[in-house]
Amino acid sequence: DRRQAAPAIDPGFIERRVKRPNPMGQWDAETQKHIQEDFDALLHDLVSEHKDAKSRSLDNLHASASYEKFKADEDRGRKLLKSRIGPVSFLKGSFLLGRSRFAQFCLGHEVLHGSYSTHPNPEFQGRKGWYMPLFILDKHWEHGHNRFHHKHPGVFGLDPEATPTNHRVSNDFFAEKGDRISALISAHIKNFHSLFFIGIVEANKVSQIDENAWKDLFKYNKALAKKEFVTFPLEAGLNAPRVLAGNLFSFLFAEVISGILGKSTHIRDDSVSLHIKEYDASSRAHFYINSVLNAGNIDYPFDRSYIGGFDKHIEHHLFPFLSSRKLDEASDRVRALCEKYDLPYTEGSLGKILLEGLKVDLKVLFAA
């Protein structure tokens with residue numbers, strides 16, 4: 001029984017909450033075979049394009065330019081907090097610093113997926129990891145996110161980022177009265193503290209193979225907290241309280257941005273979360289179908305370079321090695337295959353998707 005691979009799963013979880021037929025039943029064995037063949041062919045083409053020397057050079061230039069822009073925002077934010085006074089400069093400085101934190105995390109997300117493995121800077125190759133300006137350790141993120149979430153995205157019992165406590169509240173689930181508090185906690189975590197709590201989830205996963213996982217995370221977080229909440233404020237002299245408050249707000253801004261993007265690309269009313277009983281981990285067709293079912297794209301109305309391709313999350317689930325620059329190029333081909341096989345290629349405006357997601361949260365919270 002594959003459920004034994006995930007002892008944290010409540011044995012009655014599936015029977016209590018699922019109220020729909022197995023979504024994988026929509027595609028018979030023959031159709032799944034053709035889905036696998038076509039998506040494998042697309043994968044082969046995209047890998048070839050990704051390895052093209054000219055394309056890689058453009059990717060590397062894109063990564064370097066993005067990093068310089070993010071660091072410039074960080075410097076501007078810190079200067080506004082350190083040397084100015086007034087509420088406008090405080091909010092602007094905190095926002096610039098927070099946006100820069102999240103943008104550097106997004107770039108690190110790509111780096112740790114191998115998107116820039118030929119970059120002249122070893123840090124961009126991922127060989128030296130990536131400094132996450134948030135409370136997540138790069139090597140923990142790479143292990144849990146790459147090897148589990150992206151291998152079986154959103155599958156209960158296989159993906160550590162999808163658990164009963166932090167469940168994805170989609171239309172295909174219902175909650176018993178006793179589950180209301182967990183739904184409320186889940187919504188809170190996902191909307192406001194997603195990266196912080198996912199950092200803990202990833203550390204827990206790494207602790208299964210590395211006894212020093214928690215020690216390493218504590219050491220990293222301690223050093224980051226000391227720098228942000230002690231060293232930088234003290235350097236500001238009389239502006240120390242302002243810098244301390246601005247740094248705290250910057251982490252909040254980063255978490256809110258991550259919560260908005262995480263919810264709008266994964267936890268939506270049109271996403272489908274499979275269970276370990278419904279998913280064949282050995283089937284490439286199941287991987288392709290599930291990757292499409294469990295993600296959605298958004299029309300992001302702001303500067304997309306700051307979100308590292310999160311708006312094209314269907315393509316990112318399918319082909320995580322692609323840089324954010326290349327995801328757009330892949331989207332038309334993915335959409336065409338989805339139309340061919342009646343796969344739900346879901347996309348829409350950010351505001352509408354968040355509103356629909358809020359309705360689903362309330363539906364679960366007040367379930368009969």
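In this predicted model, helix α2 meets helix α3 through Glu 49, His 50 and Lys 51. Their partners in α3 are Ala 53, Ser 55, Arg 56 and Asp 59. By class, this contact holds four charged residues, two polar residues and one nonpolar residue. Helix α2 spans residues 29–51 and helix α3 spans residues 53–83. Their axes come within 5 Å and cross at roughly 70 degrees. An angle of 65 to 115 degrees counts as roughly perpendicular, so α2 and α3 fall in that class.

The largest nonpolar core contains 35 residues. Phe 102, Phe 105, Leu 107, Met 132, Trp 141 and Leu 261 touch the most other members. Two or more residues each come from α3, α4 (87–112), α8 (194–206), α9 (213–235), α10 (240–265) and α14 (350–365). Helix α4 gives the largest share, seven residues.

Phe 102 illustrates the contacts made across the sequence. Beyond its neighbours within four places in sequence, Phe 102 is in contact with Leu 195, Ala 254, Ile 257, Ser 258, Leu 261, Tyr 306 and Ile 307. Another core, of 31 residues, lies apart from the largest one. Its members include Met 24, Tyr 288, Ala 295 and Cys 338.

The chain as a whole has 14 helices and two strands. Of its 368 residues, 54% count as buried. Among contacts with a separation of 6 or more, 73% join residues 24 or more positions apart.

Terms used:
Residues numbered from 1 in each chain as written. Predicted model: local features only at pLDDT ≥ 70, side-chain atom pairs only at ≥ 80, totals over all residues. Heavy atoms only, no water. Axes fitted to C-alpha atoms, helices over the stretch in contact; angles between N-to-C directions. Helix = DSSP H or I, 4+ residues; strand = E, 2+ residues; numbered from the N terminus. Parallel < 35°, antiparallel > 145°, perpendicular 65-115°, else oblique. Contact = heavy atoms within 4.5 Å. Nonpolar A, V, L, I, M, F, W, Y, C, P; charged D, E, K, R; others polar. Core = buried A, V, L, I, M, F, W, Y, C linked by side-chain atoms within 4.5 Å. Buried < 20%, exposed > 50% of the residue type's maximum accessible area, 1.4 Å probe, protein only.
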